[in-house]
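Hi,

Here is the structure I promised to pass on. Please open it alongside this email; my notes follow below.

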Amino acid sequence: MVIVYESKTGFTERYARMLSEKTGLKVFGVNEISKISLDEEIIFLGWIKAGRIQGLNKVRKYNLAAVCGSGTAKGPEPDAETMISANRINGIPFFYLRGGCLPLKEIKGMDRILLSLFVKILKSRRDKDKEAEEYISIIENGFDGVREENLEPLLRWLGSR
Ligand SMILES: Cc1cc2nc3c(=O)[nH]c(=O)nc-3n(C[C@H](O)[C@H](O)[C@H](O)COP(=O)(O)O)c2cc1C
């Protein structure tokens, strides 16, 4: 079994490396996927963009044992059931890992445009609640939610196999 990850700003990569340290499993970036044989079991970690787990399509033909999505939200956003069906991972264990984000001004290109739009929508909400305020601050100022303890459900699942 090996760990494969797709990470744009480094938060998901930190989880992949932490998991590797804890388990002794080798870790590969998704661009190194050709080094892995098709029957090798893979734990895949990818960052979430508008509900889609990035890089997942590159590993679909491999032997996927578990899929982890890393996002900024407290829990899977959209919810786990929607994530599983939108990402076509029914029957494969799915784990959410809270990642983080760089301050908006450090994000480039289309991602920055999309996040700016999201902040604008949140700000324009009349019924803006505490959670919306929190997300606005997280996106504008950056946030690091990477914690070892967030890997516990995945480690428990690994230990039970
Ligand atoms: C354009 C864009 C869309 C995003 N959509 C989501 C989302 O739907 N759900 C979520 O929880 N996080 C979302 N995020 C946050 C990232 O998934 C989060 O910052 C992730 O931990 C980044 O991982 P990385 O540093 O490995 O690239 C989005 C980020 C960007 C830039």
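**Ligand contacts and surroundings**

An oxygen atom of the ligand is 2.6 Å from an N or O atom in the side chain of T12. Keep in mind that this is a predicted model.

A ligand oxygen lies 2.4 Å from a backbone N or O atom of G100. A polar backbone atom of G10 is 3.0 Å from an oxygen atom of the ligand. The protein covers 89% of the 650 Å² of accessible area that the ligand has on its own.

Where is the ligand? It sits in the largest pocket. Several elements give two or more residues to the shell around it: α1 (11-23), β3 (41-49), β5 (63-71), β7 (100-101) and α3 (109-124).

The shell holds 23 residues. The closest are S7, T9, T12, I48 and G100. By class, 9 are nonpolar, 10 polar and 4 charged.

Why does the ligand lie between domain 1 and domain 2? Both domain 1 (2-101 + 144-159) and domain 2 (103-141) give residues to the shell, so the ligand lies between them.

**Backbone points**

Two spots to look at in the loops:

- E77 and P78 are joined by a cis peptide bond, with omega about 0 degrees. P78 is in the loop between β5 and α2 (80-86).
- A50 has a positive phi, near 45 degrees, and is not a glycine. A50 is in the loop between β3 and β4 (52-53).

Best wishes

Terms used
Residues are numbered from 1 along each chain as its sequence is written. This is a predicted model: local features need pLDDT of at least 70, side-chain atom pairs count only at pLDDT 80 or more; totals for chains, interfaces and linings use all residues. Side-chain values use heavy atoms; hydrogens and water are left out. A residue is near a molecule or strand if one of its heavy atoms lies within 4 Å of it. A polar contact is a pair of N or O atoms within 3.5 Å; within protein, one must be able to donate a hydrogen and the other to accept it, and residues adjacent in sequence count only if both atoms are side-chain atoms. Accessible areas come from the Shrake-Rupley method with a 1.4 Å probe; for residues, only the protein chains shown count as cover. On a 1 Å grid over the protein atoms alone, a cavity is a set of points where a 1.4 Å probe fits but cannot get out, and a pocket is an open set with protein on both sides within 12 Å along at least five of seven lines; lining residues have an atom within 4 Å of a point. A molecule sits in a cavity or pocket if more than half of its atoms lie within 2 Å of its grid points. Helices (H or I, at least four residues) and strands (E, at least two) are DSSP runs, numbered from the N terminus. Ala, Val, Leu, Ile, Met, Phe, Trp, Tyr, Cys and Pro count as nonpolar, Asp, Glu, Lys and Arg as charged, and the others, Gly among them, as polar. Domain bounds come from an automatic or database domain assignment.
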